[in-house]
Amino acid sequence: GCNKQQETAQSGDKSGKIVIGAALPDFDDKWLSYLQDGMKEYAKTQKDVEVIYVDAMNDANKQLSQVENFIQQKVDAIVIIPVDTVSAPQMVEKANQANIPIVVVNRIFDGVDKATAYVGSESIKSGIMQMEEVAKMLGGKGNIAIMNGQMGHEAQIKRTEGNKQVIKKYPGMKVVLEGTAEWDRAKGMSLMENWLQSGKKIDAVVANNDEMAIGAIMALEAAGKLNDVIVAGIDATPDALEYVKQGKLKVTVFQNAKGQGQGGLEVAIKAAKGEKVEKFNWIPYELVTKDNVDEYVKKWQ
Amino acid sequence: MSEDYVLEMIYITKEFPGVKALDGVQLKVKRGTVHALMGENGAGKSTLMKILIGIYTPDRGKIILDGEELKVSTIKHALDRGISMIHQELSPVPNMTVAENIFLGREPSYPFAGWVKMKELVKKTRQLFERLEIDIDPNAKMADLSIANMQMVEIAKAISYHSKLIIMDEPTSAITEKEVHHLFRIIRSLKKEGVSIIYITHKMDELEQITDEVTVLRDGKYIGTKPSHQMTRDELIQMMVGRELNQIFHKPKVPIGEVALSVQGLTKKGKFHDVSFEVRKGEIVGFAGLMGSGRTEVLESVFGVAKPDAGDIYVHGKKATIRSARDAIRYGMGLLTEDRKLTGLFLPLSVEDNMITVTVNQYTKAGFLQQRKIREDCQRLAEQLSIKTPSLQQLIKYLSGGNQQKALIARWLLHNPDILFLDEPTRGIDVGAKAEIYNLIFELAKNGKAIVVVSSEMPEILGLSDRVIVMHEGRKMGELTREEATQERIMQLATGQLIETKR
Amino acid sequence: MESQVSVTNKREKAGVSSTATSKDKLYRFFDRYGMLMILIGLVILMSILSPTFFTTGNLLNIVRQMSVVGIVAIGVTIVIITTGIDLSSGSVIALVSVVAASFAHPDTYPVIVPILIGLGLGLLTGVINGTIISKANIAPFIVTLGMMTAARGAALLFSDGRPIGNLSPSFLWIGQGDVLGIPVPILIFALVGVISYILLNKTKFGKYVYAIGGNEQAAVIAGVNVDKYKIFVYGYAGLLSGLAGVILTSRISSGQPTAGMMYELDAIAAAVIGGTSLAGGIGTIGGTIVGALIIGVMNNGLDLLNVSPYWQQILKGVIITVAVFIDSRKNRKS
Amino acid sequence: MESQVSVTNKREKAGVSSTATSKDKLYRFFDRYGMLMILIGLVILMSILSPTFFTTGNLLNIVRQMSVVGIVAIGVTIVIITTGIDLSSGSVIALVSVVAASFAHPDTYPVIVPILIGLGLGLLTGVINGTIISKANIAPFIVTLGMMTAARGAALLFSDGRPIGNLSPSFLWIGQGDVLGIPVPILIFALVGVISYILLNKTKFGKYVYAIGGNEQAAVIAGVNVDKYKIFVYGYAGLLSGLAGVILTSRISSGQPTAGMMYELDAIAAAVIGGTSLAGGIGTIGGTIVGALIIGVMNNGLDLLNVSPYWQQILKGVIITVAVFIDSRKNRKS
Ligand SMILES: Nc1ncnc2c1ncn2[C@@H]1O[C@H](COP(=O)(O)OP(=O)(O)OP(=O)(O)O)[C@@H](O)[C@H]1O
Ligand SMILES: Nc1ncnc2c1ncn2[C@@H]1O[C@H](COP(=O)(O)OP(=O)(O)OP(=O)(O)O)[C@@H](O)[C@H]1O
Ligand SMILES: [Mg+2]
Ligand SMILES: [Mg+2]
């Protein structure tokens, strides 16, 4: 809402209200919007807590500016999902210097222990988990096509890295195609269409997220080749679960978005109140296949 | 080679795609003389000069300057070798000052980082203007100047190079009698200093007044060179157009009809004040005045392009509300503007597309254009006005200035307006074409059109008009009948020395 | 007087008639079809490099993939001819995508409803652009940049940042169906091409578009209702963005608030590669289609050749520049 | 003749010099400082809405945040004055960022090395842009679009898509240090502003920039080496992008191949909001700085007010358009 401006204008004052600054990397990202939901739902249950959400649009510089703005505003605590993990330590340090608790969520990095707490898991694990399952389905051999998200994004780098670590372990598996579809379903579809035209034999398409995987599924379906190719995604979005249910998307990885959002905010509020908090709050990844999909469909409801 | 030639251009040939602009042309200019270069529109005069100044490279030919062969590669090179040029098309940088425009490319500066000495720049400009007796503020923005003043700046600029050879490509097409005299005074003093001048013009009388020799081109070919005083006007025209051309002004008697347009008390603050006039069917009314006297603004205000503060307009006796050019066109008016490049031409488009803009909705049937009809009508008009172009699909930017002007006249002729305003209709048009355009104007009058001509050329005003309205500083100073109108009376009114009592 | 006219006439004939030599003709041919030659060259090159490139399936594939951007590019071309620019296309696609999708669930409205809503919404954004640009006289760059930001925000707001799925089969046919083996998006693209060609070349609208781009002031004096036609032009571009949004939504079976990112740049690039001048007054529909196909062939070919994503970007930048460079040779003055 | 001259004199004086009434003066003041007024208005508005807005800390904050885009915008302004455009700035920032960072690890090279490499690389991309634009005579839009794509690809390739961290403290000082309480980026921004102001207003270079933009033909006719100056202009813009890249890298303590995304649009918007005309010939450094600050105040203020990001986008689109609209009123002719 826009007409909240009047109240929020008092964000900096000490009216007993706890103000939390939430620095998110990208509001356009679906998975992150579920994470934000988790925070919002939890915030509703709390009295006298106000959360300010800002969007860095995947720009580390912008995120730094926003953290600086929070510090200017003297918020009571900061929750940050870093745009990238290399520039993050600096933001943590800035918050530390200003004596404002800072909770890092979802993306881990060296030096995260300088932050007040960490909530989440390790990105690379999702790529490993996803690829291990695909390798299992393929019997340890086959031609893999990797569909990258926007090149240079934290999740793209770590997930693909995880994929490749696994592939290296299996001599029978190799990456025959690799391209980027920039997290986008339409682009994933076009990329898959082009790959299909290349005539290369593909046994599995491993995508950095579900949207691209769905695009690949649609292209494969239109070409009548979905049965020959295993498609794997990450995120377990509601859309994707539907495809898992239908047996089209063979693998996805659930990362508890709401859980991370809620956990992050919870820890931040505690820290703001001066209570003691755990340094590492692990929220593990969970593998989703047709066998256990119903369980996850329920989670979104 | 006893003669002392400052410049010899020999066997210059230049071809553009589809056009052989110059075909073995020669030009020899004696030191300290004014050498006229004459020819019809599209004869190749400007092209020859652009070769000399380094804008185009010739396909063939040789240029000898001061006895040395000149291989011009860039304009800067030509400027450095002592050649400067007043270009046919004004080329101001609108947002810079007069002084900056004049010294563009050679600003006085400190060696460090090219730091411009602004004070000196202005001072030098002021000195230049003082020497040439030009009265323009060096600090004025170029865009704020009238066309005539811009032309004076261009003239001053060309002279400021202290060149031994100055090319003047139609320098008087945008200025009035007064400035022309001024220019001639400048030319005479330059001659005394030993400067040679190549002078291009379409105005015959200027030839006798200022030039020493004439070279004539026709269709890109060299026709001949002669001392000016040995050349009769008829002979010159014969050389230019390849045939005889008699009696340029042969104004036929046309019955004058009822009032077609009546303008009452038109006022635009700071521009013109309380201007009233009438134009009748079959009548040609001339507007005379010095530069900036407000004639153009009056036309633009009547035509809905500029917004007047007060005044009424009546068309065929009925009060007309004209808020835009569209309204004016609906009332059966047409306006040929004075600055064809700025407000007339669609440079990237074809000749045909330039001609049909006003009338295109008349060529629409069921939403589609009747292309054959368009082509036929345009072809007919192109022939009638002898527009010289390889085809109607040629882009208009490749036409010579005069032919561009004719295409714009064709635009309005297609519209067939009842009331036609012509602002400097023959600016830059050759004698032959001028005669054709005059005949056309007479023809229009004969067909009962009401015509207003604004012109800074005295012979044109005197030759065309049934009635002459003279303006001075935004006020109508008087109205003269064809019989009353003489050059002297018009000048007296135009300079404000005489005020006629209102009738 | 009589004799004069006849003389003039003769002279005129000499001037107007065909001085065109065969060299000239070759020159004109290249002038007109230079980019097409480059496209053909690119196709030949790709066919040599990749054996699967030159197959009916793949060629249809390329055109289908380009049809969304191609449709947008056609609208953008007309805008650019008037010396304008439209940066909002991609965001409008996203806004249309989520709104149309929300009316396209099975068993709710007939399929025409989301289509008309999509087209109408696109048209509306275009008309808003055009009205502000012409009436308030603000640079098109700024106005459409504003719309780009605002429409993206609206799309995210409307959908709460989430894709909208579960679309009816009849709606999905638009992007996924085919008629006699030819995909529907290609047919729509072709139809838009033909209609736009006619608009631009056979109607007064087209003449006015070129006139406004050629010299706006002159167009005003020639009685062209410049404001009205500008609103038309931006409206048409918006309408085509709306159409592109509907096709895209149907193609990917969901309304996406993040759809169409950067499409405006691809569309403008297609137009400019196809010979449209950003200075206005110059541009053709055929050229733009060729430009779009060049981009499509490049994307597809680089994917087929499995060029790494990093190198793809570098090569795309180079290829576009080189193509325009080769093409620009023809305009060189001696 | 005498009397005539004096008559002209009078008119000329009347036309040009002091007819300025107090109304005129007000008009001129607004003409010059309209956008500044809007900026001040915006600051006042934000100060009322948010008590923390108008504090030294926050104001320094805004300027520091805008300094990267502001520096780029200054280069872009000069490019736009020549009727050009530079879309490559953001990607050049990214390329410079990763390359400079890789030379800025502690205990490797002295700090001057990554700085000079960054500046040199920026300059190089600019010179390439300028050379292709002027010598091959290709539209700046296409050339810099090509560079935008290519430089981003190169940045990703160089860094293998990963951020490059572990930078030396002396390098970090550029983006994070301060002198007498004023952050270094602000000082650099100010310095660039002053130097560019001098270049544009006091030197031949500046005169030629305006002349090329105002009427390229006139510059050619006057013998100005237009090609050379265009290469200078794009080179300078590239140099400033390089500088911005170095500052950014230092500020976020890492070289980022994804840095600078869309900065070119922000930079162009800052220039245009600040009164630079995309038609060329018009624009000032001061105006652009005001334009950049308006964007900065808007970003900061909307974040402070906790406006939801979706609404932020919509509001930004509207604010930019409205600001330019208000400012454009002053140019209205009666
Ligand atoms: N850049 C060009 N491309 C193609 N044709 C051209 C070009 N410049 C000039 N021409 C053609 O060359 C011929 C000579 O033109 P030029 O401008 O030299 O004529 P001109 O004698 O100066 O005429 P005017 O008196 O009308 O100024 C014309 O037919 C013109 O159309
Ligand atoms: N240097 C100048 N600065 C500002 N305004 C000027 C200047 N010169 C002319 N004007 C304005 O522009 C108008 C120009 O007059 P207009 O063009 O209507 O005159 P004209 O009689 O047609 O003269 P011209 O033959 O120069 O076209 C004048 O009314 C004057 O107010
Ligand atoms: Mg000429
Ligand atoms: Mg006039």
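**Close-up 1. Magnesium ion (ligand 4) and its donors in chain B of the predicted model.** Two side chains coordinate the magnesium ion (ligand 4): B:T296 through OG1 and B:E338 through OE, at 1.9 to 2.4 Å. B:T296 belongs to helix α9 (residues 295-302) of chain B, while B:E338 sits in the loop between β18 (333-336) and α11 (340-343) of chain B, so the pair ties together parts that are 42 residues apart in sequence. B:T296 has a relative accessibility of 18% and therefore counts as buried, the cut-off for buried being under 20%. B:E338, with a relative accessible area of 21%, is partly exposed.

**Close-up 2. Magnesium ion (ligand 3) and its donors in chain B.** Here the coordinating atoms are OG of B:S46 and OE1 of B:Q88, at 1.9 to 2.1 Å from the magnesium ion (ligand 3). B:S46 is found in helix α1 (residues 45-53) of chain B, and B:Q88 in the loop between β6 (83-86) and α3 (98-102) of chain B. The pair, 42 residues apart, links distant parts of the chain. B:S46 and B:Q88 are both buried.

**Close-up 3. Surroundings of ligand 1.** Ligand 1 is surrounded by 20 residues, and B:G42, B:K45, B:S46, B:T47 and B:Y398 are the closest. From B:E170, a polar side-chain atom lies 3.5 Å from an oxygen atom of ligand 1. B:G402 takes part through its backbone: one of its polar backbone atoms is 3.1 Å from an oxygen atom of ligand 1.

**Close-up 4. The second largest pocket, with lining residues from chains A and C.** This pocket holds about 960 Å³ of space. Its lining is made of 37 residues, and those nearest the centre are A:M218, A:E221, A:Y243, C:Q176 and C:S253. By residue class, the lining has 15 nonpolar, 11 polar and 11 charged members.

**Close-up 5. Helices in the lining of the second largest pocket.** In chain A, α7 (185-197), α8 (210-222), α9 (238-245) and α11 (293-300) each supply at least two lining residues. The largest share, six residues, comes from α9(A).

Technical notes:
Residues are numbered from 1 along each chain as its sequence is written. Chains are lettered from A and ligands numbered from 1 in the order in which they are written. This is a predicted model: local features need pLDDT of at least 70, side-chain atom pairs count only at pLDDT 80 or more; totals for chains, interfaces and linings use all residues. Side-chain values use heavy atoms; hydrogens and water are left out. On a 1 Å grid over the protein atoms alone, a cavity is a set of points where a 1.4 Å probe fits but cannot get out, and a pocket is an open set with protein on both sides within 12 Å along at least five of seven lines; lining residues have an atom within 4 Å of a point. Grid points are joined across faces, edges and corners, and a volume is the space filled by probe spheres set on the points. Helices (H or I, at least four residues) and strands (E, at least two) are DSSP runs, numbered from the N terminus. Ala, Val, Leu, Ile, Met, Phe, Trp, Tyr, Cys and Pro count as nonpolar, Asp, Glu, Lys and Arg as charged, and the others, Gly among them, as polar. Donors are N, O and S atoms within 2.8 Å of the metal (3.2 Å for Na, K and Ca); water is not among the atoms, so sites may look incomplete. Buried means under 20% relative accessible area, exposed over 50%, partly exposed in between (1.4 Å probe, protein chains only). A residue is near a molecule or strand if one of its heavy atoms lies within 4 Å of it. A polar contact is a pair of N or O atoms within 3.5 Å; within protein, one must be able to donate a hydrogen and the other to accept it, and residues adjacent in sequence count only if both atoms are side-chain atoms.
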